[in-house]
Amino acid sequence: LTLEPIITSRTNGGRPLFTAIMALCLAIMYAPSLYLLLASLNPGEQLGLVAPSRYSLTWYVALMNDHRLFGALEESAIVGFATAVLATPIGLLAALAYRAMTRTRNLFFLFILSAMFVPGTIEGLGLSVVLKLVHVRPSWFTVMIGHLLWALPFAVTVLLIGLSAVKTNTVAAARDLGAGPFRAFVDITLPLMRGSLVSSFIFAFLLSLNEHARAYYLVGRQNTLPLYMFGAMNSGASPTIYAFSGAILVVSFAAVALVLFAAPRRQDGHRAESLRRDHDNAFYQFSVGSSRGAGTISAAANR
Amino acid sequence: MTLHGKAAGRPGRPAFLLALPSLLVFVGVGVVPLALIAVWSLWSFDPDTYWIKPVWTLASYDALLKNGRSIVFLQTAGLAALTATVSTLLAVPAATVIGLLTRPRRATLLIALFTIPFFTSGLVRAFAWRLVLGREGVVNNALISFGVVRTPVEWLLFSDFAVVLGMVAAYLPFAVIPIVLVFTRIEHSVIRASQDLGAGFWRIFFSIVLPLIMPGMVAGFLFVFVVAIGTSMEVQLLGGAGASSISIMINDVMRVVNFPLAFSIATVVVILLIALIVIANHTLRLSFMFEDLGT
C-alpha cells in the first residue's frame, strides 16, 4: 500500500459526487442509531432531541427497576459467554485444519460459511424440532447451540486471517530449534494469534447477544435480551425501551471499537514506521476479512 | 499431532481431526436439522399427536401455492431485489472512494465503519428508523418546518419504503465489502497507465474500474439479496399493516402448528438460495478475490 490515494488528479466532479454518496451511506447506517441514543437522553415523556444541557439519564436509571430486563440480560450474558467460549477454540481448530488441508480446504471453507446464508428463522425452526424429538428441554443451552452455528463462521474467518499473519517460516524455525509441534503451537502460533483470538471471542459474544430469529425458536422460559426488547418495542413505547436500545448500542459500539482500534494500536507502539505500514496492511485485511462478506464469497467462489 | 500439515509434510488425518469439532457442529446443528425438515415436509400432519406421521404426501407443497402464500414469496423476493439493487448502486461509489480516492489510513477507518454494523443490534437499528420516519419524526418535522408539506407524510413509516430503507441501511456493508475486496486486487499500474494515456476520471471509471469490479458487485448484490430474503425484523418493525415476509409466514404457520407447511416453505427457500449461490458461482468466477486468505 502506498500512502497516497491511487487517483490524486482531477476527477471532473467524480470525487465530490462519490464522497457525497459515501457520506449518505454512512448517514443512513449510523444516523438513526445516533438519533435514538440522543433522544434516550431526553428526560421528557415525548421523544425528540433536547439541548445538551438538559440531557439526563432518567430513563437509564428507570431501567434499573425493570426486573424482567435483568432476567433477560443475565440469560443473554450466559448464552453469549458460552457461545464465545465454544466458538473460539472450535474456530481455531477449524482454521488450523484449513491450513493443514490441501485439496479439500475450499470445500471445507464453503461448508462452514454456508451456515451464514441460511435464514435464522429456518435454522432455529429445524433445530428446535430436532431438539424436541431428542427430548432436550429448551433452555439457555439450546439457544447457545443455535448461536454457536451462527457465530462459528465469523470466528473461523477472523481466526483464519489471524493465522495468515503467522508465517510458516516462523513455526518452521521453532521446529528446527527443537520444539515439538505442540510446543511450537503454544509458544509461537498462539501468542501471535492473541489479537484475533480476542476478536473472535468478542465478535462471537456480540453476535449471540444481538441474535433474534434463532432464539425465537430455541428459547426456554427465560427470554433473551433481543426477544424481550422486540416485545417491548411492539407493545407501546415506554421511554425505557429507548434507554435500553441506547445501552445495547453503546455496549456493542464500545466492544467493536475496542477490537478494531485499541488492540492493533497497542501492538505497534514500539515498532518502526516500515513495520507500522505492514501492520496497517494487516489491519486493512483484518477489517475486510472479519466481515461476513469476505469469507462468504471466498467460500462460494473457491470451490 | 501435526498442526501444520505443509511444514510437517504429511497432511490428511491431522487435518481431519482438527476439523472434526467444527464439522460436528455444522453437520449436527446445521445439516441434519435441514435435511430432516426437507424429509418431513413430505410427511402428513397427525392431528392425534399434533406432530407428523410417515405418510408421504405432497399436500404441504400444494398448500404452499394457496392462500396467497406464493404472493408472499414474490413480495419478499421483490423487496429483497429492490434492496439489493439500491445497496449495490450506493456501494459502488462508496467502495470506489475506499479503493481509489482516499489514503490507506482513512480507507482503513472507512472499512471499519462499514464493518461495525455486523456486530451491533439489527433490532435496535431497525427500531431507530421509527423515530426518524414517524408522523412526528425528524424527517416529517423537517419537511413541515421547511414548508415542503403541510401535514406529515404518511408513507414514510409502516410502508414498503420504510422496509427497503431499513434493509438498505442494515445490509449495505454486505454490498460494500466484496467490492472493496476486489479493489485490493486491481493493479495500480493499470490505472496509472490509463492516466498516462490521457483518460479522464470518468473514462477510467467506466472503461476500466467498472468492468474490473463487476464480480464484487454481483457478489454484493447476491449477499444483500440472500440476507434480505431471510430477515423478518425490518418488515415486523417498519412494514405496513398486514405486511409479511417468508420468515414471518413461517412463524405464523408454526403458531398454528402446521409443521409440514412450515417445513415445505423452509425447504423451498433453502433450496432456492443454495441454487442461486451455486449458479452465480459457476457463471461468474468470483474466486480470485480471496485467493490468499489464510495461507
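Helix α2(B) bends by about 45° at B:Leu20 in this predicted model, and a proline, B:Pro21, follows within four residues. Helix α2 of chain B covers residues 13-40, 28 residues in total, yet its end C-alpha atoms are only 35 Å apart. A straight helix would reach 40 Å at 1.5 Å a residue, and α2(B) falls short of that figure.

The N-terminal end of α3(A) is capped by A:Asp66; here a side-chain oxygen lies 3.3 Å from the backbone nitrogen of A:Arg68.

Turning to how the chains meet, the contact draws 114 residues from chain A and 111 residues from chain B. The size of an interface is often given as the accessible area lost when the parts come together. For chain A and chain B this buried area is about 10400 Å², with 77% of it on carbon and sulfur atoms. On the side of chain A that touches chain B, helix α1 of chain A (residues 14-39) gives the most, with 18 residues. That side of chain A divides into 78 nonpolar, 26 polar and 10 charged residues.

What of specific pairings across the interface? Zero salt bridges are found between chain A and chain B, whereas 11 residue pairs are in polar contact, both partners being at pLDDT 80 or more.

Methods:
Residues numbered from 1 in each chain as written. Chains lettered and ligands numbered in written order. Predicted model: local features only at pLDDT ≥ 70, side-chain atom pairs only at ≥ 80, totals over all residues. Heavy atoms only, no water. Contact = heavy atoms within 4.5 Å. Buried area = accessible area lost by both parts, 1.4 Å probe. Salt bridge = Lys/Arg side-chain N within 4 Å of Asp/Glu carboxyl O. Polar contact = N/O pair within 3.5 Å; in protein donor to acceptor, adjacent residues only side chain to side chain. Helix = DSSP H or I, 4+ residues; strand = E, 2+ residues; numbered from the N terminus. Nonpolar A, V, L, I, M, F, W, Y, C, P; charged D, E, K, R; others polar. Expected span 1.5 Å × (residues − 1). Bend = angle between axes of the 7 residues up to and from the residue.
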